[in-house]
Amino acid sequence: MKELTPEQLKQKCFDQAVKYLAISPRSEQEVKDKLYEKGYHREQVDYAIERCKGYKYINDESYTRSFIDYYSHKMGRKMLLYKLTNEKGVDNTLATNMIADLVSDEDEIKKCVDMANKYVKKKRIAERKDLQKVGAYLYTKGFEWNTINVALSNCTLHPAEVLEDID
């Protein structure tokens with residue numbers, strides 16, 4: 001089997017990047033990590049990334065926007081920021097600004113209250129003293145404590161089971 005030329009290796013790296021991006025949109029860092037994992041060298045990866053950007057296959061701003069739109073109903077701002085920056089490799093400033101632009105305080109509180117009510121209903125929480133469990137749950141979902149406190153004060157407790165009298 002003959003050796004590939006540097007240009008052929010760059011093209012192969014680009015083809016691999018396109019194949020990876022065809023499955024799902026990815027951040028620039030995710031694509032880089034995947035290409036390095038496949039054994040490509042920096043020069044080849046840089047070439048592939050720049051070419052993908054030229055074709056607009058990679059755009060961290062639009063990726064961040066769609067990520068926030070998709071996941072904002074499932075998690076709070078802190079969790080969104082963590083996932084974007086630590087797991088997806090998006091620039092911290094970009095992620096912070098996009099979250100601030102796309103997730104309003106009112107939406108955050110409404111989402112937190114909805115999640116709290118759903119959790120209370122699912123776990124059949126009937127007493128105020130058990131709301132700490134709800135607060136802990138919401139904290140793991142990436143909500144700030146001030147938002148959690150507002151949600152808990154607006155939370156509807158699950159009514160205790162009512163036994164019907166049989167006549």
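Colleague: What do the numbering and the values rest on?
Modeller: Residues are numbered from 1 along each chain as its sequence is written, and side-chain values use heavy atoms, with hydrogens and water left out. In this predicted model, local features need pLDDT of at least 70 and side-chain atom pairs count only at pLDDT 80 or more, while totals for chains, interfaces and linings use all residues.

Colleague: Why is H4 called oblique to H5?
Modeller: Helix H4 (residues 60-71) and helix H5 (residues 77-87) pack at about 140°, with axes 11 Å apart. Axes are lines fitted to C-alpha atoms, for helices over the stretch in contact, and angles run from 0 to 180 degrees between N-to-C directions. Angles under 35 degrees count as roughly parallel, over 145 as roughly antiparallel, 65 to 115 as roughly perpendicular and the rest as oblique. H4 is therefore oblique to H5.

Colleague: What makes the contact of H4 with H5, and how do its residues divide?
Modeller: Tyr63, Thr64, Phe67, Ile68 and Tyr71 of H4 meet Leu80, Lys83 and Leu84 of H5, contact meaning heavy atoms within 4.5 Å. They divide into 6 nonpolar, 1 polar and 1 charged. Here Ala, Val, Leu, Ile, Met, Phe, Trp, Tyr, Cys and Pro count as nonpolar, Asp, Glu, Lys and Arg as charged, and the others, Gly among them, as polar.

Colleague: What makes H5 and H6 roughly antiparallel?
Modeller: H5 and helix H6 (residues 92-102) pack at about 150°, with their axes 10 Å apart. The pair is therefore roughly antiparallel. On the H5 side the contact is made by Arg77, Leu80, Leu81, Leu84 and Thr85, and on the H6 side by Asn92, Ala95, Thr96 and Ile99. By class, this contact has 5 nonpolar, 3 polar and 1 charged residues.

Colleague: Why does Leu81 count as partly exposed?
Modeller: Leu81, in helix H5, has 25% relative accessibility and so counts as partly exposed. Buried means under 20% relative accessible area, exposed over 50%, and partly exposed in between (1.4 Å probe, protein chains only).

Colleague: Which residues touch the most other members of the largest nonpolar core?
Modeller: Cys112, Val120, Leu131, Val134, Leu138, Phe143 and Ile148 do so, in a core of 15 residues. Such a core is a set of buried Ala, Val, Leu, Ile, Met, Phe, Trp, Tyr and Cys residues joined through side-chain atoms within 4.5 Å. Helices H7 (105-123), H8 (131-140) and H9 (145-153) each give two or more residues to this core, and H7 gives the most, with 6.

Key. Helix = DSSP H or I, 4+ residues; strand = E, 2+ residues; numbered from the N terminus.
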